[in-house]
Amino acid sequence: LKARGFSKDDKSKQPQIVVGLLVTLQGFPLMHEIYKGNTFEGHTMLSVLQQFKRRHPQANPIIVADAAMLSQDNMNRLDAEGYKYIVGARLANTTLSFINQIDTQLARTDGANIRLAYPKRSYEVVCSYSEKRARKDRREFEKQLERARELIECKESGRRAKFIKKNLKGTSCFVLNEELKAKAEKLLGIKGYITNVPEAVLSNSQVIEYYQELWHVEQAFRISKSDLQTHPIFHFKEQPIKLHILVCFIALVIAKHIELKTGVSIRKFIDEAKKVVDGKILNQITNKIVTVKAEPTTKMKEIITKLQEVG
């Protein structure tokens with residue numbers, strides 16, 4: 001299972017494993033799967049879904065994932081297997097004609113949204129505009145543009161620099177990519193969502209709302225890594241690695257149950273639980289130890305009451 005692969009923690013030189021996690025809209029974990037450390041994350045989702053479907057054949061979920069998880073091939077396979085999905089769209093990679101369509105039809109008012117059919121595809125694209133996002137995008141756009149101009153002046157391409165292209169005509173090596181600049185400027189403040197769920201089933205606002213709940217997935221991984229100390233794990237064989245992850249998954253299930261029932265984060269729950277400490281007194285004459293039970297704090301009593309509530 002252990003192999004070197006892409007690491008968001010910049011630890012690509014260390015062996016790792018890849019964990020796929022399926023959660024509900026509220027972030028409650030449903031199942032997990034383990035993959036070899038050099039597995040591309042976009043190749044993990046379909047196998048997790050297929051296993052979930054085998055265990056729960058009556059389930060009919062709507063899959064929500066970020067753009068990295070759903071390639072065109074993955075979406076085609078989801079369509080073929082009858083799944084409904086919502087995925088973040090990479091609008092900058094779409095055709096200029098489609099971007100022009102968004103530009104002319106989407107009002108630049110906060111919260112405005114439209115739904116457009118994407119040419120020659122089975123899905124639609126929901127686009128929304130946000131003033132807050134527009135301000136952020138504008139700052140980033142100006143910064144990238146300034147960087148591009150500086151590099152062109154120095155006759156350098158720059159590593160991963162945006163808005164620069166090779167000059168096929170003339171003496172200068174690099175020039176400003178006006179076409180890319182125009183596309184980016186038209187998309188400032190706009191976020192896209194790809195879905196094959198009809199508008200009669202999910203409105204544009206619901207599609208956007210479902211996608212925005214993806215933070216629950218990130219939160220589940222943060223809880224697993226920090227509070228539950230899922231990594232680093234000092235195991236070398238496949239079976240102990242799987243058992244370790246299983247223990248951590250069960251702990252995550254319990255942690256999310258506590259959070260959803262009480263409204264208290266697992267970090268605060270643990271901090272509160274640590275305040276309830278029993279005392280032990282040694283009777284030096286009889287050499288017996290007497291345990292003095294600690295009284296739970298007021299906050300802990302409230303948490304326990306909520307956990308005991310039915311429903």
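Me: Hi! Is Asn 287 buried or exposed?
Reply: Asn 287 counts as exposed, at 59% relative accessibility. Keep in mind that this is a predicted model.

Me: Where is Asn 287 in the fold?
Reply: Asn 287 belongs to the loop between β10 (279–283) and β11 (288–292).

Me: And what about the phi of Asn 287?
Reply: The phi of Asn 287 is positive, about 60°, although the residue is not a glycine.

Me: OK, on to Phe 163. What is its phi?
Reply: Phe 163 has a phi near 65°, a positive value in a residue other than glycine. Phe 163 is found in the loop between α4 (131–153) and β7 (164–166).

Me: Is Phe 163 buried or exposed?
Reply: Phe 163 is buried, with a relative accessible area of 1%. The cut-off for buried is under 20%, so Phe 163 qualifies at 1%.

Me: Changing topic: how many salt bridges are there in the whole structure?
Reply: A search of the whole structure turns up 11 salt bridges. One of them pairs Glu 199 with Arg 115, and the closest N and O atoms there are 3.9 Å apart.

Me: Which parts does that pair tie together?
Reply: Glu 199 sits in the loop between β9 (190–195) and α6 (204–212), while Arg 115 is in strand β5 (residues 113–117), so the pair ties together parts that are 84 residues apart in sequence.

Me: How accessible are the two partners, Glu 199 and Arg 115?
Reply: Glu 199 counts as partly exposed at 46% relative accessibility, whereas Arg 115 counts as buried at 15%.

Me: What does Lys 181 meet in a salt bridge?
Reply: The side chain of Lys 181 meets that of Glu 185, at 3.7 Å from N to O. Both residues lie in helix α5 (residues 178–186), 4 residues apart, which is about one turn of the helix. Lys 181 counts as buried, at 16% relative accessibility, and Glu 185 counts as partly exposed, at 35%.

Me: What about Lys 293 and its partner?
Reply: Lys 293 forms a salt bridge with Asp 278, the closest N and O atoms being 3.4 Å apart. This pair links distant parts of the chain, 15 residues apart: Lys 293 is in the loop between β11 and α10 (298–308), and Asp 278 is in the loop between α9 (266–273) and β10. Lys 293 is exposed, with a relative accessible area of 65%, while Asp 278 counts as partly exposed at 37%.

Me: Now the inside. Which residues have the most contacts in the largest nonpolar core?
Reply: That core has 35 residues, and those with the most contacts inside it are Tyr 85, Leu 91, Ile 102, Leu 106, Val 125, Cys 127 and Ile 194. Helix α1 (residues 45–55) contributes the largest share of this core, 5 residues. Apart from it lies another core, of 13 residues, including Val 23, Phe 249, Val 264 and Ile 266.

Me: What is Leu 106 in contact with, leaving aside its neighbours within four places in sequence?
Reply: Leu 106 is then in contact with Ala 112, Asn 113, Ile 114, Cys 127, Ser 128, Tyr 129 and Ile 190.

Me: Last bit, the overall picture. How many helices and strands are there?
Reply: The protein has 10 helices and 11 strands.

Me: What radius of gyration does the protein have?
Reply: The protein has 26 Å, whereas a compact globule of 311 residues would be near 19 Å. Along the principal axes, the C-alpha atoms fill a box of roughly 100 × 50 × 40 Å.

Me: How much of the protein is made up of buried residues?
Reply: Buried residues make up 35% of the 311 residues. The protein exposes about 19,800 Å², and carbon and sulfur atoms supply 53% of that area.

How values were computed:
Residues are numbered from 1 along each chain as its sequence is written. This is a predicted model: local features need pLDDT of at least 70, side-chain atom pairs count only at pLDDT 80 or more; totals for chains, interfaces and linings use all residues. Side-chain values use heavy atoms; hydrogens and water are left out. A nonpolar core is a set of buried Ala, Val, Leu, Ile, Met, Phe, Trp, Tyr and Cys residues joined through side-chain atoms within 4.5 Å. Buried means under 20% relative accessible area, exposed over 50%, partly exposed in between (1.4 Å probe, protein chains only). Helices (H or I, at least four residues) and strands (E, at least two) are DSSP runs, numbered from the N terminus. Contact means heavy atoms within 4.5 Å. A salt bridge is a side-chain nitrogen of Lys or Arg within 4 Å of a carboxyl oxygen of Asp or Glu. The radius of gyration is taken over C-alpha atoms; the globule rule is 2.2 Å times the number of residues to the power 0.38. Accessible areas come from the Shrake-Rupley method with a 1.4 Å probe; for residues, only the protein chains shown count as cover.
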